[in-house]
Amino acid sequence: MASAPSKLYSDDVSLVVVLLDTNPFFWTTSTLSFSHFLSHVLAFLNAILTLNQLNQVVIIATGCNSCDYIYDSSKTANQSFGNGRMPTLCTTLLQNLEEFMTKDEKLGIEEAEERITGSLLSGSLSMALCYIQRVFRSGSLHPQPRILCLQGSPDGPEQYVAIMNAIFSAQRSMVPIDSCYIGAQNSAFLQQASYITGGVHHKPQQLDGLFQYLLTIFATDLHSRSFLQLPKPVGVDFRASCFCHKNTIDMGYICSVCLSIFCTRHKECSTCGSTFGHAQSDDASATNRKRKAPDS
């Protein structure tokens, strides 16, 4: 994976944007409680900030109905390690997280008819990339950025286009997307995100040791990864979601104009309006050839 653009502090200084899944639909059914999950994450974030005094951590909460920034270490740099502890990290993050989850729950009540059980991964990825671009254009020295998705909710096929756009934007900006999936089944979206951007994807087998997975796999900076044997992708799921029914499909029909994907044959593309007249003409030609075929 190539390094981010110039003006870097040094090879081992990192900006880690963490996407925190706060979806209550997932955490009420997970074997790992949300409180224990947070304890692992807080210890991990403290370890990153301890590895280098120039390291930065930004946390984006990903809910069912919204996503928002809940912590930025660059704004509390002088207070993060006061009295030999990490009071600002804990108090600020937990307070902002509680406020966010309350607001997200209210939005869910207001939009009960259109409720989605998945989390808005596409929105949090977009916010992470916007923050990183702002750092790139700040004109000052900056650390090497990377995104870490701590996800448990299942993939939302309705977000396929937005997520893929974010993935390709990260690839173009040379920002790796790491992903740690703690749900029951693996995430095709996160597998593709890590594979395309050169990040690391891992699904921990023992959630009680989540902190060890986070520390040994995802705490390493981009420069050190070339010297370590990190988990490599095995059997990446490259299946796409159709634009018509939002289902994950193995085979489908693609519009040659806008590359929209459909699970069934359509006469017209619902995205760009292109007419698929060739399919009917091909069927008619095949029928005529069959009728004119000479008898053997």
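1. Let me start with the rings: there are 6 aromatic pairs in this predicted model, where rings of Phe, Tyr and Trp (its six-membered ring) pair if their centres lie within 6.5 Å, and planes under 30 degrees apart count as stacked, over 60 as edge-to-face and the rest as tilted. Phe-26 and Trp-27 make an edge-to-face pair, 4.8 Å centre to centre with 70° between the planes. Both Phe-26 and Trp-27 are buried (buried is under 20% relative accessible area, exposed over 50%, partly exposed in between, with a 1.4 Å probe and protein chains only). Ring pairs also join Phe-26, Trp-27, Phe-34 and Phe-37 into a cluster.

2. A word on conventions. Residues are numbered from 1 along each chain as its sequence is written, and side-chain values use heavy atoms, with hydrogens and water left out. Because the model is predicted, local features need pLDDT of at least 70 and side-chain atom pairs count only at pLDDT 80 or more, while totals for chains, interfaces and linings use all residues.

3. Do have a look at Tyr-69 and Tyr-131. Their ring centres are 6.0 Å apart and the planes stand at 45°, so this pair is tilted. The pair links distant parts of the chain, with Tyr-69 in strand β3 and Tyr-131 in helix α4 (residues 121-136), 62 residues apart; helices (H or I, at least four residues) and strands (E, at least two) are DSSP runs numbered from the N terminus. Tyr-69 is partly exposed at 31% relative accessibility, whereas Tyr-131 is buried at 7%.

4. Next, the sheet. It is open and mixed in pairing, with 6 strands in the order β3-β2-β1-β4-β5-β6; strands pair if DSSP finds at least two bridges between them. β3 and β6 (201-202) are the edge strands, each with a single partner, so one side of each has no neighbour in the sheet.

5. β1 runs parallel to β4, joined by 7 bridges, with Val-18 opposite Leu-148 and Val-17 opposite Ile-147. β1 also pairs with β2 in the parallel sense over 7 bridges, and here Leu-19 stands opposite Ile-60.

6. Leaving aside residues up to four places away in sequence, Leu-45 touches Val-18, Val-57, Ile-59, Leu-89 and Leu-93, contact being heavy atoms within 4.5 Å.

7. Which of its residues are buried? They are Leu-210, Leu-214, Ile-217 and Phe-218. Seen down the helix axis, the buried residues of α7 fall within an arc of 95°, so they line one face; the arc is that of the directions from the axis to the C-beta atoms. They pack against α2, β4, β5 (177-181) and β6, while Gln-212 and Thr-216 are exposed on the other side of α7.
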